Amino acid sequence: MIVYHGSSEDVRQPDILHSYRALDFGKGFYVTTVKSQAERWARRKAVLTGGRAIVNRYRMDEDMTGLRVKRFADDLSERIEFVCDCRDEKPGYQEYDLIMGKVANDKVFRVVDMYHSGIWDKERALLEIRAYPNYDQLAFITQRAIDKLLHFDGHLEV
């Protein structure tokens, strides 16, 4: 399988050390199977850093034997709780080597904040949030998973 990482630099040796904040699935190295999504992430990163927009490409082995993998289904009910815990930097995500799921729509930050602060109940939050049907994210939580599964296959500037 081919996966992509949007960045402002060439990332030949991915690692989890450069993950500076907890995102949807915690601190980790994030990739996607959707090239256009990685291009969007790269452009966003370039604007924030004033650098270049780089899409890194990796071959990803599909043999996940021995790894603790969490896959989120399309149902967002379990996922919203997980995302809130990750945003609070609770360590539960660290039970996994790799976490996989869809990318929520652009409302995700507002919805999670409203739910997390208690302004909205879970039912209201789930009405507002939707997953992009064709966007995904894979979060490599451990270096072990990166070393086992990812192999750098080039990059391009977008």
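Tyr96 counts as buried at 18% relative accessibility, where buried means under 20% relative accessible area, exposed over 50% and partly exposed in between, computed with a 1.4 Å probe on protein chains only. The model is a predicted one, in which local features need pLDDT of at least 70 and side-chain atom pairs count only at pLDDT 80 or more, while totals for chains, interfaces and linings use all residues. Residues are numbered from 1 along each chain as its sequence is written, and side-chain values use heavy atoms, with hydrogens and water left out. Helices (H or I, at least four residues) and strands (E, at least two) are DSSP runs numbered from the N terminus.

**Aromatic pairs**

- A search of the whole structure finds six aromatic pairs; rings of Phe, Tyr and Trp (its six-membered ring) pair if their centres lie within 6.5 Å, and planes under 30 degrees apart count as stacked, over 60 as edge-to-face and the rest as tilted.
- One of these pairs joins Phe29 and Tyr58 in an edge-to-face arrangement, with 6.0 Å from centre to centre and 85 degrees between the planes.
- Because Phe29 belongs to strand 2 and Tyr58 to strand 3, this pair ties together parts that are 29 residues apart in sequence.
- Phe29 is buried at 6% relative accessibility, and Tyr58 is buried with a relative accessible area of 0%.
- The rings of Phe82 and Tyr96 have centres 6.5 Å apart and planes at 55 degrees, so their pair is tilted.
- This pair links distant parts of the chain, since Phe82 lies in helix 2 (residues 76-87) and Tyr96, 14 residues apart from it, in the loop between helix 2 and strand 5.
- Phe82 is buried as well, with a relative accessible area of 13%.
- Phe25, Phe72, Phe82 and Tyr96 are linked into a cluster by ring pairs.
- Lys70 lies over the face of Phe72, at 5.0 Å from the ring centre; a charge sits over a ring if NZ of Lys or CZ of Arg is within 6 Å of the ring centre and within 35 degrees of the ring normal.

**Nonpolar core**

- The largest nonpolar core has 16 residues, and those with the most contacts inside it are Phe29, Met60, Leu98, Phe140 and Leu150; such a core is a set of buried Ala, Val, Leu, Ile, Met, Phe, Trp, Tyr and Cys residues joined through side-chain atoms within 4.5 Å.
- Two or more residues of this core come from each of strand 2 (29-31), strand 3 (54-60), strand 5 (98-104), strand 6 (131-140) and helix 5 (143-149), and helix 5 gives the most, with three residues.
- Leaving aside neighbours within four places in sequence, Met60 is in contact (heavy atoms within 4.5 Å) with Met1, Val3, Leu98, Leu138, Phe140, Leu149 and Leu150.
- In soluble globular proteins, nonpolar side chains tend to be buried together.

- Strand 3 is largely enclosed by the rest of the structure, because five of its seven residues are buried.
- Strand 1 (residues 2-7) is likewise largely enclosed, because five of its six residues are buried.
- Strand 1 and strand 3 pair in the antiparallel sense over six bridges, where two strands pair if DSSP finds at least two bridges between them.
- Within this pairing, Val3 stands opposite Tyr58, and the bridge partner of Ser7 in strand 3 is Ile54.
- Strand 3 is also joined by six bridges to strand 7 (residues 150-157), and the two run antiparallel, with Ile54 standing opposite Glu157 in strand 7.

- At 1.5 Å a residue, the 15 residues of helix 1 (residues 35-49) should span 21 Å, which agrees with the 21 Å between its end C-alpha atoms; the expected span of a helix is 1.5 Å times one less than its number of residues.
- The buried residues of helix 1 are Gln37, Ala38, Glu39, Ala42 and Ala46, and just after this helix Gly50 takes a positive phi of about 75 degrees.
- Helix 2 has twelve residues and reaches 16 Å from its first C-alpha to its last, close to the 16 Å expected.
- The buried residues of helix 2 are Leu76, Arg79, Ile80, Phe82, Val83, Cys84 and Cys86, and just after helix 2 Glu89 takes a positive phi of about 60 degrees.

- Ala73 is placed in the loop between strand 4 (69-71) and helix 2, and counts as exposed at 53% relative accessibility.
- The C-alpha atoms of Ala73 and Met100 are separated by 9.0 Å, although the two residues are 27 residues apart along the chain.
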